[in-house]
Amino acid sequence: MRFLLKRGYRLEQVERGSRLQLPMELWTVERLQREQDAYATGPRLAVVTAALHRPSGHLAGFTELSVPGDPGRAVSQEDTLVLREHRGHRLGMLMKLANLQQLALGHPEQRAVTTFNAEENRYMLDVNEALGFTPMGYEGAWRKVGAAAGTAGSSARTGS
């Protein structure tokens, strides 16, 4: 930080990379099965917990861990999704907890799980902190300010 600050940069924002898979599909049992089938041919294994809304027969949410083949590498917490109409009942927390329990039973050799969230996603950060996740690093986007930067400015990225 001091390096960039001394050179006229200021922190513009804390940034998150995102991706939208196209075409946009609904989360269904069939979609989850396709995801599982894709994992079966790769070096990682998925551990998934899903919640079924019994009256409708539709999924209310799911969470997924990606387990590497090498137990020395951290497990990745991947997507967690709770449909809007089922939010506010701690379903995300309960699914994540159940999935972490499944991980412990099926892969006791694993020693860490990593996850990434937008800093402004306080709800999910609260869930993760309640489960015991602690910060390990941040990534920020910086912008050059002042006359030397020109009208458009220049940028630098940092991460840890």
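## Notes on the predicted fold

1. **A starting pair.** V48 has E64 in strand 3 as its bridge partner. That pairing belongs to the link between strand 2 and strand 3, which run antiparallel and are joined by nine bridges. Please keep in mind as you read on that this is a predicted model.

2. **The hairpin.** Strand 2 and strand 3 form a hairpin, and four residues lie between them.

3. **The next pairing across.** On to strand 4. Strand 3, residues 58-67, and strand 4, residues 75-82, pair in the antiparallel sense over five bridges.

4. How do strand 4 and strand 5 run, parallel or antiparallel? They run parallel, with two bridges joining them. To see this pairing in the model, look at S76, whose bridge partner in strand 5 is T114. As a reminder, strands of a sheet pair through backbone hydrogen bonds, in either a parallel or an antiparallel sense.

5. **How covered is strand 3?** Strand 3 is mostly covered, with nine of its 10 residues buried. For the protein chain, buried residues make up 29% of the 160 residues.

6. **A residue of helix 2.** V29 lies in helix 2. Is V29 buried or exposed? V29 counts as exposed because its relative accessibility is 54%, and the cut-off for exposed is over 50%. V29 also gives a handy distance to check: V29 and L59 are 30 residues apart in sequence, yet their C-alpha atoms are 7.5 Å apart in space.

7. **A histidine in a loop.** H86 sits in the loop between strand 4 and helix 3. With a relative accessibility of 16%, H86 counts as buried, since buried means under 20%. Which residues does H86 touch? Leaving aside residues up to four places away in sequence, H86 touches H53, A60 and L91.

8. **Two helices packed together.** Helix 3 (residues 91-106) and helix 4 (residues 122-131) pack at an angle of about 40°, and their axes are 10 Å apart. That angle makes helix 3 oblique to helix 4. The crossing of helix 3 past helix 4 is right-handed.

9. **What makes that contact.** Helix 3 contributes M93, K96, L97 and L100, while helix 4 contributes M124, V127, N128, A130 and L131. Sorted by class, the contact has seven nonpolar residues, one polar and one charged.

10. V145 lies in the loop between strand 6 (139-144) and strand 7 (155-159). V145 is partly exposed because its relative accessible area is 35%, which falls between the cut-offs of 20% and 50%. Not counting residues up to four places away in sequence, V145 touches G8 and R10. The C-alpha atoms of V145 and L5 are separated by 9.9 Å, although these two residues are 140 residues apart along the chain.

11. **Stepping back.** The protein chain has four helices and seven strands. Read from the N terminus, its elements run α-β-α-β-β-β-α-β-α-β-β. Among contacts in the protein chain with a separation of 6 or more, 51% come from residues 24 or more positions apart.

Technical notes:
Residues are numbered from 1 along each chain as its sequence is written. This is a predicted model: local features need pLDDT of at least 70, side-chain atom pairs count only at pLDDT 80 or more; totals for chains, interfaces and linings use all residues. Side-chain values use heavy atoms; hydrogens and water are left out. Two strands pair if DSSP finds at least two bridges between them. Axes are lines fitted to C-alpha atoms, for helices over the stretch in contact, and angles run from 0 to 180 degrees between N-to-C directions. Angles under 35 degrees count as roughly parallel, over 145 as roughly antiparallel, 65 to 115 as roughly perpendicular and the rest as oblique. A crossing is left-handed if the near helix is turned anticlockwise from the far one by less than a right angle, and right-handed if clockwise. Contact means heavy atoms within 4.5 Å. Ala, Val, Leu, Ile, Met, Phe, Trp, Tyr, Cys and Pro count as nonpolar, Asp, Glu, Lys and Arg as charged, and the others, Gly among them, as polar. Buried means under 20% relative accessible area, exposed over 50%, partly exposed in between (1.4 Å probe, protein chains only).
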